[in-house]
Amino acid sequence: MFDFFSFFNRIFGGPREDTRSAARDRLRLVLVSDRATVAPHLMESLRNELIEVISRYMEIDTRSMQMGLERHEGAMALAANIPVRSVHRSSAEMAAVSLSPPPPAPHQAQPEASGPVDPVSSRPAETAARLESPRLAARRRTRRHKRRP
Amino acid sequence: MGKVVVITSGKGGVGKTTCTANLGAGLALDGHSVLLVDGDIGLRNLDLIMGLENRIVFDLVDVVEKKCRTFRQALIKDKRFENLHLLPAAQSRDKDAVSPEQMQALCAELKEAFDFVLIDSPAGIEHGFRNAVAGADEAIVVTNPEVSAIRDADRIVGLLEAQEKSNPRLVINRYKQDMARRGQMLSIQDVKEILGIELLGIVPEDEGIVSASNKGQPAVMDRASRAGEAYRQIVARLVDPTCPPVGMPASDSWMDRLRRVFTVSVGSSGAH
Ligand SMILES: Nc1ncnc2c1ncn2[C@@H]1O[C@H](COP(=O)(O)OP(=O)(O)OP(=O)(O)O)[C@@H](O)[C@H]1O
Ligand SMILES: [Mg+2]
């Protein structure tokens with residue numbers, strides 16, 4: 001929309017800087033870190049809860065873990081550096097099957113009823129495989145195709 | 001039973017005392033019984049802004065320390081209104097002369113006797129602030145549309161929420177519409193979004209506030225005052241929460257000024 005007033009001001013009031021957006025953006029950033037640092041327990045309890053959640057999936061080195069707010073090109077980021085010692089194999093598998101799988105694509109073959117069955121979910125292994133990284137899933141399919149003829 | 005409303009800000013000098021005086025006078029004009037409590041112990045000011053500085057005998061600390069028989073003995077009645085009283089702050093005492101527990105007990109007693117008890121909080125987040133909010137049912141946070149005032153207001157909102165004074169409401173004071181229009185000041189929307197609390201009112205920058213303070217006559221008593229009009233709107237919203245949402249303050253362009261000159265000379269008594 002044509003802003004008559006800013007036009008008028010540009011003509012008669014000389015060039016003026018827009019300081020409003022600077023104020024708004026700087027305030028937004030400073031309030032993120034203010035709110036986080038003002039409450040002494042906030043970062044501490046966030047850290048503890050993060051450790052609890054992550055430890056369900058992997059063994060991490062909590063002592064050399066680092067976490068904090070960092071400024072990143074005009075935005076605040078919660079940055080965490082968490083050394084991972086190992087990933088629990090069983091929980092990784094559980095995580096994979098507990099996610100609801102996408103509906104099967106029409107061109108894909110339905111999993112055979114007699115096919116291998118995933119021990120954890122008792123769902124056909126094909127379902128679990130689809131939730132693997134695309135590369136892993138593709139590798140598994142080619143293996144099976146080789147076997148088939 | 002009435003309610004206790006604290007007017008607070010974090011940053012100093014944003015207009016808490018002016019706001020307390022105007023809302024008090026406005027509520028009294030609207031027919032409510034009002035008590036103004038100056039919570040700024042050691043830096044008494046509300047008496048001066050209200051024009052009641054010459055009649056102080058007892059003060060808030062005397063009441064808490066039971067140096068007078070009842071709190072009523074310390075109240076100054078405002079002769080201009082039927083139902084407006086002031087409980088002044090002690091000038092020669094320290095903020096720790098009163099504890100939050102004592103304030104809580106006092107407020108419980110005061111709101112039995114008045115429709116509205118307005119507490120003018122000192123600046124800061126220390127003892128004086130904790131005293132002022134201790135007995136409050138509701139809080140009004142005053143800010144200016146400037147970065148430092150807003151940052152401090154955010155801190156105050158956090159502290160109020162932590163003390164379960166939920167839903168504090170915001171008054172943006174000294175709003176300069178032409179500056180905002182030129183992109184040189186935060187807009188109302190910006191401030192609202194950043195603080196994320198309900199907006200109770202917008203008071204424009206108005207030189208009349210200084211003359212009003214000079215006279216000890218809150219601007220809300222002057223029908224021609226722009227800031228006064230803003231305070232009247234806030235009063236209406238305090239009394240009736242279903243009141244329409246906050247409107248923009250009257251514009252101060254030369255056209256509007258011209259228009260005001262005419263309407264004032266026709267209809268109002270308080271013109272200057
Ligand atoms: N809307 C306004 N327009 C112009 N001047 C104003 C406005 N509101 C307040 N002022 C001026 O700002 C100054 C500070 O106001 P006031 O004393 O009410 O602030 P305060 O928040 O109570 O300060 P303190 O933190 O010291 O108690 C006064 O000089 C007052 O006249
Ligand atoms: Mg004050």
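Between chain B and chain A, 7 residue pairs are in polar contact, with both residues at pLDDT 80 or more; a polar contact here is a pair of N or O atoms within 3.5 Å, where, within protein, one must be able to donate a hydrogen and the other to accept it, and residues adjacent in sequence count only if both atoms are side-chain atoms. The elements of chain B that give two or more residues to the side touching chain A are helix H6 (147-162) and helix H8 (188-195), helices being DSSP runs of H or I with at least four residues and strands runs of E with at least two, numbered from the N terminus. H6(B) supplies the largest share of that side, 5 residues. Sorted by class, the side of chain B that touches chain A holds 7 charged, 5 nonpolar and 3 polar residues (Ala, Val, Leu, Ile, Met, Phe, Trp, Tyr, Cys and Pro count as nonpolar, Asp, Glu, Lys and Arg as charged, and the others, Gly among them, as polar).

The model is predicted: local features need pLDDT of at least 70 and side-chain atom pairs 80 or more, while totals for chains, interfaces and linings use all residues. Residues are numbered from 1 along each chain as its sequence is written, chains are lettered from A and ligands numbered from 1 in the order in which they are written, and side-chain values use heavy atoms, with hydrogens and water left out.

The interface also includes 5 salt bridges between chain B and chain A (a side-chain nitrogen of Lys or Arg within 4 Å of a carboxyl oxygen of Asp or Glu). One salt bridge joins the side chains of A:Arg24 and B:Asp190, at 3.6 Å from N to O. In total, 15 residues of chain B are in contact with 16 residues of chain A, contact meaning heavy atoms within 4.5 Å. About 1,600 Å² is buried between the two chains, 58% of it from carbon and sulfur atoms (accessible area, 1.4 Å probe, lost on putting the two parts together, summed over both).

Turning to the ligand, 16 residues surround ligand 1, and the closest are B:Gly13, B:Lys16, B:Thr17, B:Thr18 and B:Asn173 (a heavy atom within 4 Å). Oxygen atoms of ligand 1 lie 2.5 Å from a polar side-chain atom of B:Thr18, 2.7 Å from a side-chain N or O atom of B:Lys16 and 3.2 Å from a polar side-chain atom of B:Arg174.

Finally, B:His32 sits in the loop between helix H1 (16-29) and strand E2 (34-38) of chain B.
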